[in-house]
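Let's take a walk through a structure together.

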Amino acid sequence: MTAKIAYGDVEVGTELPAQDFPVTRATLVQYAGASGDFNPIHWNEKFAKEVGLPDVIAHGMFTMAEAIRVVTDWTGDPAAVVEYGVRFTKPVVVPNDDQGATIEVSGKVAAKLDDNKVRVDLLVKSAGQKVLGMSRAVVQLA
Amino acid sequence: MALDQSFVGRSYPPTDPYEVGREKIREFAEAVGDTNPAYTDPEAAKALGHPDVIAPPTFVFSITFKAAGQVIQDPQLGLDYSRVVHGDQKFAYTRPVRAGDRLTVTSTIEAVKTMAGNDILDVRGEVHDEAGEHVVTAWTKLVARGLDAEEGQA
């Protein structure tokens, strides 16, 4: 593990570079194939509405995968992530148009831990709403 | 419907090995739009100290969730899978999953609760490699929604 960020160079409150991740219906079809999650709420609008959703929604695990990119892009080596957890609080609704939806992710160092580890808290939003809760990673820095 | 509390602590037999391939990792990385070369270029991964390309942190969920299927679909437990959504997900890594791994998953029911009309099931999946070394543990909270519940998504 060779993180490019040094423990001594961060403080509680240090912000990670924020990123926006686009997600369209095509993204969801591709993720369904790669992950093996073919639940129709992620690609079939008729089915999604029949089960009470406003429209097709992104896979929760897709949103979780995007959110941690703010951390892995920061550290360079993805192996720096030693713990990662989220709560799925609101769906990311993906309309059937050219725009789709956007997942907005920001993060900051929330605590400095032992052994050059830090806890990073992530804020993950779409359409103005927080979509993940308790979104936290423990990260091994250099 | 209240789930049977006696299932707490129950473990299921380890799964048959899942062999992690470079191209499956590439497919997953492309699907999440992540261009980190550690996922696709063995030389870039080696430069970081890994013996082969590694998988993005959430890649292993496909393997642990499939393993959790034997819990979810256990007729004796009685979970209504048609109402199940994903509540929480957590991973703790000893090392990243990498190409060439042959991974087995041992699933254990950590908790069974009924809250506000929802059935809640916590499953822990311990992932080991062919040498028996721990790779990652995945905790998955599943919620079988009551008719009035709104929180959560699949």
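This is a predicted model: local features need pLDDT of at least 70, side-chain atom pairs count only at pLDDT 80 or more; totals for chains, interfaces and linings use all residues.

Residues are numbered from 1 along each chain as its sequence is written, and chains are lettered from A, with ligands numbered from 1, in the order in which they are written.

Chain A has four helices and six strands. Helices here are DSSP runs of H or I with at least four residues, strands are runs of E with at least two, and both are numbered from the N terminus. Starting at the N terminus, you'd read the elements of chain A as β-α-α-α-α-β-β-β-β-β. The C-alpha trace of chain A spans about 50 × 30 × 25 Å along its principal axes.

How much of chain A is buried? Of its 142 residues, 44% are. A residue is called buried if 20 or more other C-beta atoms lie within 10 Å of its own, exposed if 12 or fewer do, and partly exposed in between, with C-beta atoms placed from the backbone. Now for contacts: two residues are in contact if their C-beta atoms, again placed from the backbone, lie within 7 Å. Among the contacts in chain A with a separation of 6 or more, 66% are between residues 24 or more positions apart.

Two loop residues deserve a stop. Asp115(A) sits in the loop between strand E3 (101–112) and strand E4 (117–126) of chain A, and its phi is positive, near 55°, though it isn't a glycine. Asp115(A) counts as exposed because it has 8 C-beta neighbours inside 10 Å. Ala127(A), in the loop between E4 and strand E5 (129–130) of chain A, is another non-glycine with a positive phi, about 50°. With 13 C-beta neighbours inside 10 Å, Ala127(A) counts as partly exposed.

So where do the two chains meet? The contact takes 33 residues from chain A and 31 residues from chain B. On the chain A side, helix H1 (25–35), helix H3 (60–67), helix H4 (69–75) and strand E2 (81–88) each supply at least two residues. E2(A) gives the largest share, eight residues. That side of chain A divides into 19 nonpolar, nine polar and five charged residues; nonpolar means Ala, Val, Leu, Ile, Met, Phe, Trp, Tyr, Cys and Pro, charged means Asp, Glu, Lys and Arg, and the others, Gly among them, are polar.

Follow E2(A) across to its partner, strand E2 (residues 84–93) of chain B: they pair in the antiparallel sense over five bridges. Strands pair if DSSP finds at least two bridges between them. Arg87(A) stands opposite Asp88(B), and Tyr84(A) has Phe91(B) as its bridge partner.

E2(B) also pairs with strand E5 (residues 134–144) of chain B, antiparallel, over nine bridges. There, Ala92(B) is partnered with Thr137(B). E2(B) is largely enclosed by the rest of the structure, because seven of its ten residues are buried.
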